[in-house]
Amino acid sequence: MAKQATRLTVNGKGHARIVEQRLTLADFLRHELGLTGTHLGCEHGVCGACTVLVDGRSARSCLMFAVQANGCEVTTVEGLTPDGDKLSVLQQAFVDNHGLQCGFCTPGMLITLSELLRENPTPSEDEVREALTGNLCRCTGYAGIVKAALDAAQRLRAPSQPPPQAGEEK
Amino acid sequence: MGAKHFGAKVARLEDPALLSGRGRFVDDVKIPGMLHACFVRSPYAHARLLGIDPKPALALTGVHAVLAANDLPDPMRSEAMPMLLPNPTISSLCTQHVLARDEVFYVGQPVAVVIADSRYIAEDAAAAVAVQYEALPAVGDCRDGVAEGAPRAHAAIASNVLSTFQLAYGDVDAAFGNAAHVYEEQIWQHRGGGMAMETRAVLASYDAASDLLTVWSGTQTPHIGRRMLADLIGRELESIRMIAPDVGGGFGPKAIFYPEEAVIPAAALKLGRAVKWIEDRREHFLCATQERDQHWDVAIAVDDDGKILGVRGRMLHDTGAFVPWGIIMPYIAAATVPGPYVVPAYRLETKVVLTNKVPTTPVRGAGRPQAVFAMERLLDRVARELQLDRAEVRRRNFIQPEQMPYEVGLIFRDGKPLVYDSGDYPKGLETALAEADYENFRERQRAALNEGRFIGIGIGNYVEGTGLGPFEGVTVRVLPSGKVAVATGATNQGQGTRTTLSQIVAEQIGCRIEDIVMTIGDTGAIAQGVGAFASRQAVNAGCSALLAGQNVRAQLIALAARVLGVNESDIDLDDGKAVANTGNKPMIGFGELARLAQGIPGVSLPAGQAAGLEHTAYYTPPQSAYCSGSHVAEVEVDAMTGGVKILRYTVAHDAGKVINPMIVDGQVQGGVAHGIGNALLEWMQYDEDGQPLTTSFADYMLPMATDVPTCAIAHVETVNPLNPLGVKGAGEGGTIPAPAAIIAAIEDALSPFDVHFTETPLTPERIVAALRAAGAYEKLFAA
């Protein structure tokens with residue numbers, strides 16, 4: 001199989017590797033870099049467990065080749081916890097609102113929601129649910145995840161901005 | 001006694017690692033020199049296997065081996081896998097070989113395995129293995145399978161009807177003969193899967209220095225798995241360790257021991273290298289066990305007041321190609337029909353039919369959603385025919401709380417008479433109705449109708465046998481560090497087992513919950529174990545944690561009293577210390593006590609002192625624990641598209657005493673989501689030749705965040721008198737009545753068109769087809 005060089009930044013750290021062209025970004029992250037927090041649930045781009053940020057945008061790492069990420073900045077779930085053991089606001093909101101059970105879909109959920117909260121600091125419940133349609137969870141029935149996202153949004157928001165009412169569209 | 005943990009909303013101990021990418025699932029484990037496997041699987045639903053040529057695969061660089069049945073060790077080479085739950089009505093021992101020998105029975109059945117340097121190469125090579133088949137006629141539908149002249153699902157088995165059994169009590173024919181009204185329904189529920197987000201996974205590594213075969217498996221039942229593997233691979237139990245590390249969801253299908261769990265260890269032994277196999281999602285659709293396919297012809301006999309006189313009928317259960325767990329699902333289904341109602345006479349004749357599809361074994365609910373759907377559809381029919389309110393029909397037929405314990409008249413799958421230990425079914429329904437504002441629904445419905453919107457409401461009630469034996473074990477051991485080691489054969493696929501057991505132990509022995517070091521899902525940590533299925537762990541493992549904790553507590557108190565020179569009654573255990581309530585309150589830490597309990601070399605322990613501060617309890621329940629619940633669904637149906645939106649979903653749930661309300665609510669909410677999938681979306685389709693048609697998430701729909709509302713959940717606690725914690729199971733109740741409540745609500749929403757639904761999943765196409773057949777569109781366009 002043909003090999004090719006790829007250089008990318010993952011969670012702020014640069015990597016240069018020569019890899020098979022067909023190696024997916026997900027397998028590269030998991031098995032070449034040992035970042036096993038990114039999970040594979042379907043490998044056909046529906047379940048969203050493998051979601052990472054590529055240059056700040058959420059992307060399915062199962063549907064990208066590692067060589068396609070050449071020159072990109074990638075953020076995985078490991079990159080959401082910059083202070084070692086200290087959980088981020090969003091991660092802590094998942095603990096407080098029972099936003100996970102088995103934890104397998106969770107990394108993808110966290111990545112999708114960090115993108116949402118960055119772009120829309122005051123999401124309504126409907127907007128959170130809409131953003132999550134690209135991530136499947138079989139355990140929770142989504143209630144805790146939605147609650148965690150809204151809770152995190154509120155904690156991250158400046159106190160001057162009141163939270164939207166349930167169901168309110170912006 | 002230490003801090004109050006039991007019954008509190010304690011934050012889960014599992015969460016921080018899983019949230020920061022530090023979980024350890026099977027595919028996260030890496031062994032030096034590890035090889036990767038890919039299976040060669042049958043593309044035919046039924047065929048003779050004529051030959052396998054591995055040479056094209058072996059020619060590829062990086063391929064280490066291609067193994068077929070004859071390359072495996074005895075006994076798995078020649079003997080079929082053991083059946084876990086035999087039943088005398090099963091006419092033929094019907095389990096598969098780990099790799100097919102001369103006949104294949106479903107699409108996806110493993111035929112050979114390729115071992116290579118990487119998964120990528122293994123997949124290339126698996127495609128290159130040349131397998132010769134001769135196609136045989138297949139049974140794709142159990143109704144065809146019972147017809148005269150049907151093809152055989154197994155060439156060597158003359159009848160596709162593997163088991164016929166009847167569950168009955170009372171004089172059902174007399175009840176029907178004298179009844180004022182008899183109503184019949186034909187009911188069909190389709191197959192779906194567990195669809196855990198983590199697919200199945202096996203990693204095996206043999207260490208010659210310790211003669212230990214270690215197997216990591218994404219399983220719900222590592223102890224059972226080890227036993228099955230020992231039988232199939234011909235090794236002693238003690239030379240095998242099976243570990244279920246973090247497991248990404250179970251829902252039933254991972255309770256089964258699969259061929260891959262035998263083949264991968266055999267390959268690792270043969271090659272002297274660690275071998276890993278990670279199932280892909282397509283394989284999960286093809287090969288992980290499924291459930292629900294049942295066809296019911298049932299009738300209910302009632303008097304003029306809508307009181308039940310009897311229920312009778314026939315049921316066909318499509319069991320797929322094998323019966324690895326015997327016939328427990330159709331059995332549970334048959335025993336679940338009477339539910340919370342007084343049914344004076346009952347008879348269900350069940351036929352278990354072999355087909356050329358992947359075997360069925362329990363999926364969250366395990367036969368109960370089908371039974372509850374049948375019973376609740378019959379009661380809705382009674383309400384409609386007699387023009388009674390649907391809640392009122394239930395009220396008139398409920399078993400009353402003062403009738404507890406209530407003997408149904410059947411034998412449950414645990415071999416014990418079906419006796420409900422406790423429960424208050426009327427209170428459960430009234431609680432759910434009040435929370436759902438059922439009283440004012442007809443007003444809401446009229447107002448919606450005036451706007452041209454169709455909304456409806458539906459009810460589902462159930463009783464579920466949970467907490468099945470035989471037992472589960474918990475070891476509690478105080479460590480010299482002062483921490484407390486807990487080991488259990490219970491397992492964790494997201495249920496928060498680590499947290500709930502820690503709550504129980506910490507409260508008993510008076511330590512901080514974060515000082516508990518738990519080993520879960522590891523046969524190396526506790527001698528006996530069973531695992532997760534039948535919503536059994538809170539009852540079995542929970543009570544063992546209580547008993548082991550109580551025992552170690554007594555040991556701690558006795559030793560501390562002796563060391564501190566006070567009476568045992570003066571000792572309090574708190575925060576990892578034993579404190580005497582006398583004098584200047586002398587104290588001693590658990591760590592020091594643990595060192596003392598090790599004794600001094602050469603000196604006998606004082607009389608009555610046990611070795612170490614340690615105890616293992618194996619609690620065995622006297623019978624199943626019967627939980628119950630009432631669900632109310634309110635939906636809106638778009639008559640033009642057949643789209644259904646669940647507006648409001650209410651649950652009143654009785655799981656006995658609740659150990660952690662946050663976790664129980666999570667189980668209920670997640671269970672409802674699974675039930676919504678069963679009701680509206682999930683349909684594992686096959687063609688008439690047994691070819692699977694829905695093998696991706698693009699074809700088989702799982703509920704998304706926009707499909708599942710946040711449920712209103714009320715706990716109706718009736719204490720289970722039969723176990724020391726007073727608990728019942730909670731893992732499946734969310735799923736069981738959901739299809740019944742949702743389909744009833746859809747039918748109610750479309751009542752202006754008088755359509756009737758008796759199938760799941762009720763997809764938009766089916767709704768539109770029913771409306772079209774009922775002439776609804778003529779009415780709508782005329783309006």
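In the predicted model, the contact between the two chains takes 40 residues from chain B and 42 residues from chain A, two residues being in contact if their C-beta atoms, placed from the backbone, lie within 7 Å. On the side of chain B that touches chain A, helix H1 (15-19) and helix H17 (661-681) of chain B each supply at least two residues; the largest share, six residues, comes from H17(B). Helices (H or I, at least four residues) and strands (E, at least two) are DSSP runs, numbered from the N terminus. Residues are numbered from 1 along each chain as its sequence is written, and chains are lettered from A in the order in which they are written. In this predicted model, local features need pLDDT of at least 70 and side-chain atom pairs count only at pLDDT 80 or more, whereas totals for chains, interfaces and linings use all residues.

Chain B contains 20 helices and 31 strands. Its C-alpha atoms fill a box of roughly 95 × 75 × 50 Å along the principal axes. Of the 783 residues in chain B, 59% are buried, that is, have 20 or more other C-beta atoms within 10 Å of their own, with C-beta atoms placed from the backbone.

An automatic or database domain assignment divides chain B into domain 1 (31-136 + 194-287), domain 2 (419-463 + 626-783) and domain 3 (469-619). The centres of domain 1 and domain 3 of chain B, taken over C-alpha atoms, are separated by 38 Å. Their contact takes 17 residues from domain 1 of chain B and 15 residues from domain 3 of chain B. On the domain 1 side, H6(B) gives the most, with four residues.

Note on methods. Buried ≥ 20, exposed ≤ 12 C-beta atoms within 10 Å, placed from the backbone.
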